[in-house]
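These are my notebook entries on one structure. I went through helices, core and hairpins in turn.

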Amino acid sequence: MEAYAGRAEREVEEAQGFVLREVPRELPLRPGRLAAAVAGASFIGPADGHDFPVLFLPEVLLDAAELRVRHPDIESGGILLGHLYHDPSVPEVFAVMTALVPFRPEHTEATAASLRITPEAWMAASAAIELRGRGELALGWEHHHPNRAWQADDAETDPVGDAAFFSGADVGVMTATFPQPWAAALVVSDTALADGGWATRFSVFGWREAAVVERGFHLVAEELAATLAMGEMSHVTTTGT
Ligand SMILES: [Zn+2]
């Protein structure tokens with residue numbers, strides 16, 4: 001039955017022109033229903049039907065923005081924890097980012113324009129996963145582009161009004177540490193406003209055809225956040241298995 005379901009899913013994928021993605025069987029996939037998880041959610045960023053869905057709980061973005069404020073002048077960040085779900089009615093897995101574990105300063109080498117993550121940072125993330133006890137996975141990472149600081153450092157250059165990009169160094173971190181097809185990277189940067197002020201911008205990057213590109217994400221509705229934080233969709237899911 002399961003084999004049949006797998007074949008049927010592949011046929012659906014091929015019929016719709018989706019790129020097949022191998023999901024190792026040992027991956028802890030939870031049963032979930034995408035339509036229920038994105039009910040009331042906001043979609044942010046560029047849409048591409050080939051991307052698997054990535055959902056963020058509101059507090060993950062709030063924590064990232066707070067971290068950005070605490071470290072205004074250097075590239076800081078953290079590791080994104082979350083759950084992977086399988087919805088039998090859609091061909092892809094989907095990811096729900098549930099928490100941000102900030103890098104400890106001693107676990108990174110950060111400057112205004114670079115960020116190096118040491119192996120101790122990954123050990124700290126594993127410890128956090130254990131401590132939280134929710135069976136989360138490290139699904140990606142977050143870092144900041146302090147472009148207001150970049151601009152102040154070099155008044156000769158054009159204002160860096162929008163730093164929503166992924167640098168070569170960022171791609172290096174992604175390749176070395178998050179090569180999995182479902183991995184995602186959140187970038188928090190500043191966007192210059194017409195009135196001279198600044199707004200916080202959240203951008204998500206992920207893999208598409210062996211390259212890291214900006215991709216869209218769902219911001220989960222507040223009323224579903226607590227349920228999804230625990231990795232539970234039992235009251236909103238009908239998996240049929
Ligand atoms: Zn960067």
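**Helix α3**

I looked up the buried residues of α3 and found Val60, Leu61, Ala64 and Arg68. They cover an arc of only 95° around the axis, so they sit on the same side of α3. The arc is taken from the directions that run from the helix axis to the C-beta atoms. I count a residue as buried if 20 or more other C-beta atoms lie within 10 Å of its own, as exposed if 12 or fewer do, and as partly exposed in between, with C-beta atoms placed from the backbone. Helices (H or I, at least four residues) and strands (E, at least two) are DSSP runs, numbered from the N terminus.

On the face of α3 turned away from its buried side I noted the exposed residues Leu62, Val69 and Arg70. I also checked the length: the 13 residues of α3 (residues 58–70) should span 18 Å at 1.5 Å a residue, and the end C-alpha atoms are 19 Å apart, which agrees. The expected span is 1.5 Å times one less than the number of residues.

**Note on the model**

This is a predicted model, in which local features need pLDDT of at least 70 and side-chain atom pairs count only at pLDDT 80 or more, while totals for chains, interfaces and linings use all residues. Residues are numbered from 1 along each chain as its sequence is written.

**Helix α4**

I ran the length check on α4 (residues 119–132) too: its 14 residues should span 20 Å at 1.5 Å a residue, and its end C-alpha atoms are 20 Å apart, which agrees. Just after α4, Gly133 takes a positive phi of about 65°.

**Core**

Which residues touch the most other members of the largest nonpolar core? Of its 47 residues, they are Leu55, Leu80, Ala95, Met97, Ala184 and Leu186. Strand β5 (residues 93–102) gives the largest share of this core, seven residues. A nonpolar core here is a set of buried Ala, Val, Leu, Ile, Met, Phe, Trp, Tyr and Cys residues joined through C-beta atoms within 7 Å.

I listed the contacts of Ala184, leaving aside neighbours within four places in sequence: Val54, Leu80, Ala95, Leu139, Gly140, Val204 and Gly206. Contact means that the C-beta atoms of two residues, placed from the backbone, lie within 7 Å.

I then turned to Leu81, in strand β4 (residues 77–86). Leu81 is buried because 22 other C-beta atoms lie within 10 Å. Not counting residues up to four places away in sequence, Leu81 touches Thr98, Ala99, Val101, Ile129, Glu136, Leu137, Ala138 and Leu139. Val96 is 15 residues from Leu81 in sequence and 8.5 Å away in space, C-alpha to C-alpha.

**Hairpins**

I found β9 (residues 184–192) and β10 (residues 198–208) paired in the antiparallel sense over nine bridges. Strands pair if DSSP finds at least two bridges between them. Ser189 has Arg201 in β10 as its bridge partner. This hairpin has five residues between the strands, and Gly196 takes a positive phi near 95°.

β10 also runs antiparallel to β11 (residues 211–215), joined by five bridges. Here Gly206 stands opposite Val213 in β11. The hairpin of β10 and β11 has two residues between the strands.

Most residues other than glycine have a negative phi. I noted Glu209, in the loop between β10 and β11, with a positive phi near 50°. Ala210, in the loop between β10 and β11, has a positive phi near 70°. Glu209 counts as exposed because it has 7 C-beta neighbours inside 10 Å. Ala210 is exposed, with 8 other C-beta atoms within 10 Å.
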